[in-house]
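Q: Hi, I've got a structure open and would like to talk through it with you. Could you help me find my way around?

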Amino acid sequence: MNVLQTIRSRKYLQRILLSFMLVVAILAVASLLMNSGARSKVLSLQNEADRKLLTQINYNIENMNGIVKDLAVSLYNDEEMLALKSGADYRQSILKIERLNHTVAASPYLHAAVFYNGAQHRFFSSLNHEINNSLLYSSLQNYMDSRADLPKLQLIPLDLDGKGGGIDVFAFFLYDGDTLGSINDNVLILTVKPGWMLDNMKALNQVAERQNDVLFVTDTDGEVLIATGGQVPEGLNLKGELLPRISASGRPLDSFNYSHDGRKYKVTYLSKALNNWQIISMQDYDVVLGSVRQMKWTEIAVTLSVVLLAVLLSVFFAVRLYKPVGQLLTLVPGDVRAAPQAKDELSLIAANLTEMISKLKGLELERASQSNIAKLYQLRSLIASSHSLDEQSFLQLREQHGIDIAYPSPLRLALVQIDNLQGLAAEPGLPMESLLYFAISNIGQELLRLQGSCEAADMKSGHLVFIAGSADGELAKLEERFRELQQTIGNYYHITFTVTLSEVFTDYRSITAHYNLAQRHANYRMIYGKGAVLEPEMLRANEENEALRIPQELERQLTEGLKGGDLAETEQTIRKWRALLGGFSYENMYSAVLHLAVTLSQTLAEMNSRSVNPVSLNLQAINRRILEKETLDEMETVLLEVVREVAEQRRSGREDKNRLLADTVKEIIDKHYADPDLNVQRIADMLKMNPVYLGQVFKAQEGTSVVDQINAARLASAKKYLEQEDFTVTEIMEKVGFGNESYFYRLFKRCYGTTPKDYRLKSAIDRSR
């Protein structure tokens, strides 16, 4: 009972049992398929044997028929038999009967040999047969008299006494001609023993071990000629059922199943035998398949035994195989074990194990995280206040937290700042910054520890600090290591960072001092640009430079260049400013940058206050753009962009003014072209401008002179008058402002290729079409 309860409550155990049961089911199906195959094979073999048997019987009958036929022909044509066949002397005929006796005795088939002598109207036969001659002669005479088309050379079944007791003999008739047409015809009649054919069929049936099978031969009318073997089924409707079915099949040799009186028979037939007889074999279907059914029951018994044994063994082995799983299942907490989402016991155990591993990893990570936090805190404290830590406390701290700082050994500090940090994240301190510094820290420590000790700490002040320890020669090559680190980080994260290196020192108490100095030196990234590795020697000249501000001459050149619109001079001045500023110390350099931003803002404000077309620039935005940049090169780029934008706006303002002037002149000409006194001087007087300047501006904007523009407007108006009005040419000339007729004609022909009169004539012709 415990086993059954265990099976019902365990899904994985059920799957093991189902696997075993599947194998058992496959064996059972295979057994059924084998039995079905054996059944088909037995039926196929039985059909083949039946066909061979019927074919052999037919062959034997045909062989016997051939022998009798040859014997009949030989005997009929024998000269010694003439007295019997057609002799008129009765005594001579009697003497030849002995020959018939010898012929019948020599043949195993013959029953009797009979001659009908037409001349004597007598029958002469051999004497060694058991049938009364009178009965034999009477039966033969009756058959011959009843048949005008007496079959020739065919076995004809005869019931001599006519009582229906079966076939007594088979008669074989031979005579001259095609039909028996006269009473005087001579006929040879050989009678064949039916027992021979019956014995032959019995013998073949016995050889085939088919003594109980029913074998019979029927003629074309369906009459049974010979039957042997078992008992013919009582009430068998041979003519009404079997023979029509054989005829309908259309095959001369075949078999089919036949049911009669509640029993099933296998019927095999040969329908095209000698004289169109049918040879039929009937077998009890149960007897035919007896061996198969016996095998079937044997297989069923064996299969049931195997299945029962397999089920018992399956349960036994399944429980044994499941035992370790069950033991593991007891270790799973009860609340988890009752969870419905588990597919089976293994998945439940696996899920529980995965959860345990996940918790262990979480605990390990938490422990490591706590350890790292503590270590990072101690590192930051060491970097910020190393001078206050005695040697014993330092060694204890290093041992307790696993801080990898060699002591006593040469040390060197490196301060790392990511470039363009504000472009990577919305504001410093976001996870992006921490992630990048974490990557630089891990890769950097792995790289630097190849030559010695190394520790790294994110100071959470926008920079990362490395403390590397090694031999003096290796520390001198620290720049190469950081160049390699820059390349690696750039390939993976596509960012750059600036490195500021300290001097080599040996006392751990100097860490804080070198850290503070590195923070100051890191500001020189403004000069050397992003991605630089700053060595102390590189910065010594800047630190010793006491210059405070940009020279007044350089400021004056910048101011005058902006006001005068001299872009080349202004750009050259900015580049000089950049070169000069690169030699300042950090504090003075920053002050100079602020002073320059103020100077630029004041100059632009002054230009806007005095200009008709002020420059539209946001001075606060310009100052913010300058101060947000991290290097002097970037600041120089911003300044160059600003002065170019100022120059472009001033140039664009002048172009807009000239365009306005040219459009105004064209508008005056369109309104006053009919005034004969309209010229450049008069238009200049209207606009209160210098006529020369006006003419130059109009020429530059329109590509033509003011005079040509006036003449073009007058000629266009004259052309309309010629096309639409009936004024004379002189009247038109005066209406459009021309005072000289020859001048008008010359200009019109130059413009339109013909004189005014010809133009009017051609225009009239074109309108009339």
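Q: Let's start with β1 and β5. How many bridges join them, and do they run parallel or antiparallel?
A: There are 6 bridges between β1 and β5, and the two strands run antiparallel. Keep in mind that this is a predicted model.

Q: Which residue stands opposite Thr191 there?
A: That would be Ala112, which stands opposite Thr191 of β5.

Q: And how do β4 and β5 pair?
A: They pair in the antiparallel sense, over 6 bridges. On that side, Leu174 stands opposite Leu188 of β5.

Q: Is β5 enclosed or open to the outside, and why?
A: 6 of the 6 residues of β5 are buried, so the strand is largely enclosed by the rest of the structure.

Q: Which residues sit on each of its faces?
A: On one side you have Val187, Ile189 and Thr191, and on the other Leu188, Leu190 and Val192; all are buried, and both faces of β5 are covered. As background, side chains in a regular strand alternate between the two faces of the sheet.

Q: OK, on to the largest nonpolar core. Which residues touch the most other members?
A: Leu190 and Trp277 do, in a core of 36 residues. Several elements supply at least two residues each: α2 (11-76), α5 (97-106), β1 (110-117), β4 (169-175), β5 (187-192), β6 (214-218) and β7 (224-229). Of these, α2 gives the most, with 9 residues.

Q: What is Trp277 in contact with, leaving aside its neighbours in sequence?
A: Setting aside residues within four places in sequence, Trp277 is in contact with Ile61, Leu155, Phe170, Met197, Val217, Thr218, Asp219, Leu225, Leu270, Ser271 and Lys272.

Q: Which residues does the second core include?
A: That separate core has 33 residues, and Ile550, Trp577, Leu581 and Leu604 are among them. In soluble globular proteins, nonpolar side chains tend to be buried together.

Q: What lines the largest cavity?
A: Its lining consists of Leu448, Gln451, Gly452, Ser453, Ala468, Gly469, Ser470, Glu474, Leu475, Leu478 and Arg481. The elements giving two or more residues to that lining are β13 (464-469), α16 (472-476) and α17 (478-493). By class, the lining has 4 nonpolar, 5 polar and 2 charged residues.

Q: How about the second largest pocket, how much space lies in it?
A: About 450 Å³. It is lined by 20 residues, and those nearest its centre are Asn372, Leu376, Phe438, Ser441 and Ala456.

Q: Which elements supply that lining?
A: α12 (345-384), α15 (431-448) and β12 (453-458) each supply at least two residues. The largest share comes from α12, with 7 residues.

Q: A couple of single residues now. Is Ile668 buried or exposed?
A: Ile668 has 12% relative accessibility, so it counts as buried. It is found in helix α25 (residues 632-672). Beyond residues up to four places away in sequence, Ile668 touches Ile683, Met686 and Leu687. Ile668 and Ile683 are 15 residues apart in sequence, with 7.5 Å between their C-alpha atoms.

Q: And where is Gly240 found?
A: Gly240 is in helix α8 (residues 238-249). At 45% relative accessibility, Gly240 counts as partly exposed. Gly240 and Gly222 are 18 residues apart in sequence and 9.5 Å apart in space, C-alpha to C-alpha.

Q: Last one, the whole protein: how many helices and strands?
A: The protein has 31 helices and 15 strands. Buried residues make up 41% of its 769 residues.

Terms used. Residues are numbered from 1 along each chain as its sequence is written. This is a predicted model: local features need pLDDT of at least 70, side-chain atom pairs count only at pLDDT 80 or more; totals for chains, interfaces and linings use all residues. Side-chain values use heavy atoms; hydrogens and water are left out. On a 1 Å grid over the protein atoms alone, a cavity is a set of points where a 1.4 Å probe fits but cannot get out, and a pocket is an open set with protein on both sides within 12 Å along at least five of seven lines; lining residues have an atom within 4 Å of a point. Helices (H or I, at least four residues) and strands (E, at least two) are DSSP runs, numbered from the N terminus. Ala, Val, Leu, Ile, Met, Phe, Trp, Tyr, Cys and Pro count as nonpolar, Asp, Glu, Lys and Arg as charged, and the others, Gly among them, as polar. A nonpolar core is a set of buried Ala, Val, Leu, Ile, Met, Phe, Trp, Tyr and Cys residues joined through side-chain atoms within 4.5 Å. Buried means under 20% relative accessible area, exposed over 50%, partly exposed in between (1.4 Å probe, protein chains only). Contact means heavy atoms within 4.5 Å. Two strands pair if DSSP finds at least two bridges between them. Grid points are joined across faces, edges and corners, and a volume is the space filled by probe spheres set on the points.
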